[in-house]
Amino acid sequence: MTKPAKKFLNKPDEAVEEMVQGAILYERSLTRIADLHVLARADYPSKQNSNVAIISGGGSGHEPAHAGFVGEGMLTAAVLGGVFASPSASAVLSAILAVAGKPGCLLIVKNYTGDRLNFGIALEKAKAAGIPCEMVIVSDDCALEEKGVTGRRGIAGTIFVHKAAGAAASAGKPLSEVAGAARAAAAAIGSMGIAMTPCNLPGATPSDRLSGYEIEVGMGIHGEPGAHTQECVACDDMVETMLAAILDKPGYLKVAKGTEVGVLVNNLGAASTMEMTVVARAAIANLEKRGLKPTRMLVGPYCTSLDMLGVSLSLIALDGPLTAALDAPTAAPAWGKLHNISGAPNPAGPMPSMPAESIVKGNGSKDDKIAAMIAAGTKVGHPKTSSMPVRLCHGRGARRSPRRGKAPLVLRAWPPPDEPPP
């Protein structure tokens, strides 16, 4: 019998509940609404009648989305469904009733059928109860052709919409203007991802969907099929594939040359920091080559897909108001650092040049003198070579220092005699 994928979890069907419990234990800016999977700002009672409440949510498994973006300057509350499952309409309505006051409430929803249905039902019931409410749908995925009534999926670019709406709400703007800021951001975003491995659901057997050296271009954040599979290529080529899908396809994001853009380099779950940094480098170079001006960048896990090994890129075409919204302060724990990358990077410093005596700080012992010789580039004779560099090593079989537990330093030819000199 095949065992399920390895996870740091207890019972798979209790994972979301235990995650909510853990979040309120260490993130003291959050509070839980009743016994629901709804996390809200701990100070929401003091804001109910002064600021528009902003609520988002969806299935769990995308952490830090959505609860990680609850905080001053972003969301007022997040409603969490089961793993990759929409939260119920009653849970969304409970969140609205708990945190919304006279200024009203804005719902930010990614474009999935279940989310649209359940958030939409809650919206209508809240309106019937006398609470002003609006809803903004985000559909930033550029992986697939836009067909039928469902349209494009909502993915990581939603984070930019949270930020734009949150900045407007924190500034005390009315519901119509907060919703307008969110819609302006949603219209200026495009996203695309590539996965090297699919995600593994809690309790499920490991997926073998991608074998060998395959990658999937445009795989969805729930593991939905992407545009195509292909052999893995160099990072620069994968970044070009993602940006071409966002910027070059008819009907997707249209950005004129010279436009400033914000970039989200999103870790889909299991990419290393090294890989993320190389992707960020490639994205900046590619955008500049296209005549665009990347001026703001986020790098890290923002909207993940459990343990998927993949990366997505989200672009937002910036203007004055959108740039100001991104720059506005927020206390949301997962927002991280927004990097201002306008202008040239810092120049490299000069190669350091220090005299050996300033490096070697000892008591004049033999080892100190040897270190000074090496720092000065001293060479010594060797039976097999007329002149060979030396290296300071810990001598084998020598008496170990009681303080450091290492053998005394000795001078040895380097490389060893059986290897050619450099």
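Partly exposed means a relative accessible area between the buried limit, under 20%, and the exposed limit, over 50%. The model in these views is predicted.

**View 1. Leu306 has a positive phi in a loop.** Leu306 is not a glycine, yet its phi is positive, about 55°. The residue sits between strand 11 (293-300) and strand 12 (309-317), in the loop that links them. Leu306 has 22% relative accessibility, so it counts as partly exposed.

**View 2. Ala34 also carries a positive phi**. The angle is about 50°, although Ala34 is not a glycine. Most residues other than glycine have a negative phi. Look for Ala34 in the loop between strand 1 (30-32) and strand 2 (38-41). Its relative accessible area is 62%. Exposed means over 50%, so Ala34 is exposed.

**View 3. A cis peptide bond joins Ala65 and His66**. Here omega is about 10°. Most peptide bonds are trans.

Technical notes
Residues are numbered from 1 along each chain as its sequence is written. This is a predicted model: local features need pLDDT of at least 70, side-chain atom pairs count only at pLDDT 80 or more; totals for chains, interfaces and linings use all residues. Side-chain values use heavy atoms; hydrogens and water are left out. Helices (H or I, at least four residues) and strands (E, at least two) are DSSP runs, numbered from the N terminus. Buried means under 20% relative accessible area, exposed over 50%, partly exposed in between (1.4 Å probe, protein chains only).
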